[in-house]
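Visitor: Please walk me through this model, one question at a time.

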Amino acid sequence: MPLTPLDIHNKEFARRIRGYDEDEVNEFLDQVIKDYESVIRENKELGNQLMAMQEKLDHFANIEETLSKTIIVAQEAADEVKNNAKKEAQLIVKEAEKNADRIINEALGKSRKIALEVEELKKQASIYRTRFRSLVEAQLELLKQDGWESLESREPSLEPKEVY
């Protein structure tokens, strides 16, 4: 067990002949007591400071651990958001490609249908033109025949003809 200032103060030395000067020894012991008390007090203060510093260190270590965990959670959340955004973008692209293919196929179908209709109309126009030419030519032939001249020389009768 370590000495206390009280132990030093109460220490009694045996007396001998030709021993040390008692007053000088007591003065020295008083000085040792003061110094020892000062060292004990300083040691206690340093211990208290050490405990306060250890508490702060523990507090900051706790904050550091919390921040590290928070950063890890934030990074994981950011990675998850990034992955979800990539997946959503891929789905949007696939949907757009499907819609584009559908639109292209519909446009091609309409284009083919219109091309067939145009061909059909060209055929019908050609047939109509041929028939019309035939009709005009037939009418011209009728006009060239002699029967028209005999009709021109007769006077028209005002009496109605009966048609059966």
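The questions below go from the overall fold to single side chains.

Guide: This is a predicted model: local features need pLDDT of at least 70, side-chain atom pairs count only at pLDDT 80 or more, and totals for chains, interfaces and linings use all residues. Residues are numbered from 1 along each chain as its sequence is written, and side-chain values use heavy atoms, with hydrogens and water left out.

Visitor: In what order do the elements of the protein run from the N terminus on?

Guide: Helices (H or I, at least four residues) and strands (E, at least two) are DSSP runs, numbered from the N terminus. The protein has three helices and zero strands. From the N terminus on, the order is α-α-α.

Visitor: What percentage of the residues of the protein count as buried?

Guide: Buried means under 20% relative accessible area, exposed over 50%, and partly exposed in between (1.4 Å probe, protein chains only). The areas come from the Shrake-Rupley method, and for residues only the protein chains shown count as cover. The protein exposes about 16,300 Å², with carbon and sulfur atoms supplying 58% of it. Of its 164 residues, the buried share is 2%.

Visitor: How many salt bridges are there by this rule?

Guide: The rule asks for a side-chain nitrogen of Lys or Arg within 4 Å of a carboxyl oxygen of Asp or Glu. One of the pairs is lysine 69 with glutamate 65. By this rule, the count is three.

Visitor: How far apart are the closest N and O atoms of lysine 69 and glutamate 65?

Guide: Both residues lie in helix 2, four residues apart, about one turn of the helix. Glutamate 65 counts as partly exposed because its relative accessibility is 43%. The closest N and O atoms of lysine 69 and glutamate 65 are separated by 3.2 Å.

Visitor: Which residue forms a salt bridge with glutamate 106?

Guide: Glutamate 106 has a relative accessible area of 40%, so glutamate 106 is partly exposed. The closest N and O atoms are 3.2 Å apart, and the partner is arginine 102.

Visitor: Is lysine 122 buried or exposed?

Guide: Lysine 122 forms a salt bridge with glutamate 119, their closest N and O atoms being 4.0 Å apart. The two are three residues apart in helix 2, so about one helical turn separates them. Glutamate 119, at 41%, is partly exposed. The relative accessibility of lysine 122 is 53%, so lysine 122 counts as exposed.

Visitor: Which residues form the aromatic pair?

Guide: Rings of Phe, Tyr and Trp (its six-membered ring) pair if their centres lie within 6.5 Å; planes under 30 degrees apart count as stacked, over 60 as edge-to-face and the rest as tilted. The structure holds one such pair. The pair is stacked, at 6.0 Å centre to centre and 15° between the planes, and its members are tyrosine 128 and phenylalanine 132.

Visitor: What is the relative accessible area of phenylalanine 132?

Guide: Phenylalanine 132 and tyrosine 128 both lie in helix 2, four residues apart. Tyrosine 128 is exposed because its relative accessible area is 57%. Phenylalanine 132 is partly exposed, and its value is 45%.

Conventions:
Areas by Shrake-Rupley, 256 points an atom, 1.4 Å probe, with all protein chains shown as cover.
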